[in-house]
Amino acid sequence: MNHLKAIVANFRFLDSPLGTRLIATRSLQLTRNQVTHFSLYSPSTLLDRSHDFRFSNIHHKLYFSSKPNSIVELVLTSDWSKGLEHDLEKCCPSLTHETVVYVLKRLEGNPEKAWCFFNWVSTKQWFRASSSLYGLVLRVLATEETIKQFWITLWTMKRKGFYFDEEMYFPVLAGFRKKEMNNDCASLTRFYNRSNQENAMQRAVTKVVNIISGSEWGYEVMGELARLKIHLSDNFVTRVLKELRNCPLKALELFRWVEKKHSGYEHNTVTYNAIARVLARTDSIEEFWSVIEEMKSVGHELDIDTYIKISRMLQKNRMMEDAVKLYELMMDGSYKPSVEDCSLLLKSISASDEPSLDLVFRVSTKYESTGHTLSKAIYDGIHRSLTSSGKLDEAENVVNVMRNAGYEPDNITYSQVIFGFCKMKRLEEACKVLEEMESCGCIPDIKTWTILIQGHCVVNEVDQALLCLYRMIEKGCNADATILGVLIDSFLSQKRIEDAYKLLVEMVSKCGTSPWLGTYKKLIENLLGIEKFEEALDLLCLMRKHKYTPFIEPFVQYISRFGSVEDAVNFLKAWSKGSPQSHSAYVHVFKSLLGEGRLSEAKDLLSKIRCHISKREQIRELFDSVENCTVHSLGSMSQTLIPSLNPKTLKIAKAIAASLRMVELSLATRIPVTRNQVTHFSLHNPLPLSDRSHYLRFPITHHKLYFSTKPHSILELLLTNDWSQALEHQLENRCPSMTHETVLYVIKRLDKNPEKASSFFNWVSKKEWFRASSSVYSLIVRVLATKDTMKQFWVTLRMMKEKGFYLDEETYLTISVGFKKAKMNSDSVALSHFYDRMLQENAMQSVVTKVVGIISLSEWGDEVMGELAKLKIELSDNFVIRVLKELRNTPLKAYKFFHWVGKQSGYGHNTVTYNAVARVLARTDSIEEFWSVIEEMESVGHELDIDTYIKVSRQLQKNKMMEDAVKLYELMMDGSCKPLVQDCSILLKSISASDKPNLDLVFRVVKKFESAGHTLSKAIYDGIHRSLTGAGNLDEAENIIRAMRNAGYEPDNITYSQVVFGLCKMRRFEEACKVLEEMESCGCVPDIKTWTILIQGHCDANEIEKASICFAKMIEKGCDPDADLLDVLVDGFLSRKRIEGAYDLVTEISSKCRISPWQATYKKLIEKLLGVMKFEEALKLLRLMKSHNYPPYHEPFVPYISKFGSVEDAEQFLKALSVKSYPSHTVYNQEGRLSEAKDLLYKSPHHI
């Protein structure tokens, strides 16, 4: 029936005015020089070179508008009238959701017509509105000319039950602000806030999201969802999917469950587009393509708005293969991307280090196949890819073809050619191109000059680069921060530090250049490294002039070790200019001088500074504490001097005391070491293989004795005593006050003893010096969320609320998951009610939302600061933390907000807010700012707390920022709140997980671990061993095994597996097999992971027979295969074109061993079987897929049947599919096999 309607609609279309117009205009006149498709075989002076080019000649074809595009053309070329509506009725009696979205998207530049079209569509019975459609039309109508229509549409949307969400609100608000539509801006904010308060559906959405987020998907989750008795609608499903965007696989599970468990609900184009947006990311891309295939099979398509958002996301994540595949799919459909979309995609491809010319070719070929001619932007994309790949002759061909098409080379073209020459180190030719560029009247801009200068710097021709710079300035083009940074880096790489300094000063004074913060920092460090203190101080003054936070850390270190009193005075004068809190620098300098034992210099400096600074209580107490301390009186310091000090002064005094006490103890104490005890990591212990140890990169570290830092000693005191009045008295005497970091450290380490954690927290809470924070409360409620301490949990949670602290989403979800795992259902429900009620009652949240909205929508500047000032915010630590958390996806804006807050009168940052901003900044695009904040924290006497460290460290490891993770570990190990042994082990494991483990980082971690007095555990030996085997240093890895044995740790499965992996990586398979035999002889049974490593090694070396022998041997020994191992073997067979062998393996293993192969294994094998005409075998795999609850992979069957299959094949295939997975009826007519299609129709069930 649907097919019949489509045919009738097509006949109607031909009879319509639009159809007549199209038929009458099917001739195109081409001018002589017009290029209608991309081909480098066009006549040019470089024709003889074109055979080297990878873009094949494509024969010219003419294509005409698809139906959606013809509707756009009709609307754009006619005034809106009854006649136009009649034409639209005639040519398109009904429109799909995707078509409506496409037309509105293409009418963005003409909001009046978009409004008329939307109104016309809205009156139709076949029209089904959606929140995404309303969001699009509101964005289009948000102009001064159509503001009346905007508000009508917004109220209509609300009346029809659709939600005006954050994604719609912020872009529209940003547009109003840019156009200075202040009244509408205020009205929109009121509307949005009121909608949030009135919206009943949001509470149901929140409940569903919390249930799914808090647990692994399974019967328990489905049961909880069923009990909610949700009223399903497209709007509801779309909103839940959007909220689950950070856990896409759970979103997909919900998507599947919704249709299976609710007989009255079916997915449609709206919900399919919603799930596609969620799944388009690295960790769920396979599921994304599965959904796209499913959409096609049931007759739906991606709408153009969804395509644009997904394509941008794929390009941003460097998933270029998927972005191109999606572009091709859309170009084959009805809703084709625009020329701009093609241009942006080519630009993204060319931006990689080694652009894939195959992808460029596929995009340009698909673009041409729709009858487009190449625009200048698309030529630029092709040209950029060729120059970046070093294909300069082909790039020259493209320039000639561009000229033939009427596009003269411009700055972009020439810059790309220069970049290509510089990349190939052909700098003379690059300079000639610049001259040719000028002779053609095209003036080089700053980007062109930067490329050339950077090219010289890369080959260490810094003087030539400098000449280019001066030549550039002569021609009236001023230097910017980027070009200055390039030159400074080059000077520093050649140790020409003074030249770098002179250049920076010259550019700042003569050209008014403002260097990057990073440029200042590295140059200051290098100048102080060669004792050029005055020059470094000049740069500090320039930094302040350019409104950067002064970089004081290297100055303080320099002064404390080598500087004179005059140096310190000059530095403090430079620092204090215009700084409202300059006394903190004085404290920092005094602490450093005293820490280096330079008491006389510190006193001399004290006499030379201003009276109001020298009389500060903090500085006076610091000097008093040092003068009263002697080696013999340190033991009683805690009872006499320390109680009178404030927390910051206490810290430095105690550090000195602890150091001197350690000296006394180390002289008086000797700890006997047993013969086999390894107290530090050294491969130079007497061993049978000690002659090889000189190859190792881990040097000998002399044995030292270490003692626990203060937070650890408090912890020890708590763990070794029952809670009592006496224990409280001891705590009072030992630590009259504690830092926020210490309190967090102690609670974190008491997480296995929640009763004591509760007692300690209650004791701390009563102290006048204790300042509560949301992070402390969040930690303690997580610790107390156990069956044994449920009463304390609820008491603490209510106390938290009474004191104005907010239970954040992350803490709530963590506790909720714990309750569900422990089957504490009543507490889980009570917590959910508590959290929902808190969200409704929470007045601060609306202010937080306003602040985040203002900051998110604009670049930081005077306008944003002005708007924030107008809000008259009542600042608190809790408020600042919540804003920073909401801004976590824009860390640089969070950083700007953090510094703005610190400058507000009456508010000063503390350890809580510093830790909050550190969590936000620990990512690739803001790592420099992260370290700047860490330095600033140290300078004002704060530290990262242990909870923040663990979260930041995991984030750095996840993002493969191992250098930063190690640096942070070293910093924490030097502080008072040291990471645990487990933290060290996890860090080593992350380093070793890379393709080429960095042994320098491993060495640094181990060295720092030992410096705290630890002995190496089995987990840490494994981390070192894993890195060595991964790096191919097998002899040194053997030494490690011997060292492990000496320490009392016998090799286990992990150890042997790592050795096998290293040998397989180096193709030393015989030795790998011997290791396996040795392993068995030692009584260590190889597990599935060990066998998988060995078998994969053979497969990678194309030794599939040996891999099969190993596999058989493994099964003989009673070790069952799993899906990972099966996938490895299938890949091995397919790489050797042994497709039937792979098929036999999968079917045999599935039936005998009862394992479920991966979905990807099925897919690749089905495609290969159909490629060699093995239809029956492929169909058997399709049935197996169904039996393992995978969506049937029908996509490759349809083209196979349409081209080669019989009616019987088609009948068997359709029977194998599930009821809801039939492909679209259109596929049967694609190959023109009408008689077979009729025969199949006759044999189909009546309802089909």
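This is a predicted model: local features need pLDDT of at least 70, side-chain atom pairs count only at pLDDT 80 or more; totals for chains, interfaces and linings use all residues.
I started with T156, whose side chain reaches the backbone oxygen of I152 at 2.7 Å. Next I checked where T156 sits, and I found it in helix α8, which covers residues 147-159. Is T156 buried or exposed? Its relative accessible area is 17%, and buried means under 20%, so T156 counts as buried.

Then I went looking for the largest nonpolar core. I got 118 residues for that one. Which members touch the most other members? My list reads F150, F164, L188, L254 and F288. I picked L188 from that list and looked up its contacts, skipping neighbours within four places in sequence. L188 is in contact with F150, W151, L154, F164, Y169, V172, L173 and F176.

Last stop was S1156. I found S1156 in the loop between α64 (1139-1152) and α65 (1159-1171). Its relative accessibility is 30%, so S1156 counts as partly exposed. What does S1156 touch, not counting residues up to four places away in sequence? I wrote down A1123, H1188 and Y1190. I also looked at N1189, which is 33 residues apart from S1156 along the chain. The C-alpha atoms of S1156 and N1189 are separated by 9.6 Å.

Definitions and conventions:
Residues are numbered from 1 along each chain as its sequence is written. Side-chain values use heavy atoms; hydrogens and water are left out. Helices (H or I, at least four residues) and strands (E, at least two) are DSSP runs, numbered from the N terminus. Buried means under 20% relative accessible area, exposed over 50%, partly exposed in between (1.4 Å probe, protein chains only). Contact means heavy atoms within 4.5 Å. A nonpolar core is a set of buried Ala, Val, Leu, Ile, Met, Phe, Trp, Tyr and Cys residues joined through side-chain atoms within 4.5 Å. A polar contact is a pair of N or O atoms within 3.5 Å; within protein, one must be able to donate a hydrogen and the other to accept it, and residues adjacent in sequence count only if both atoms are side-chain atoms.
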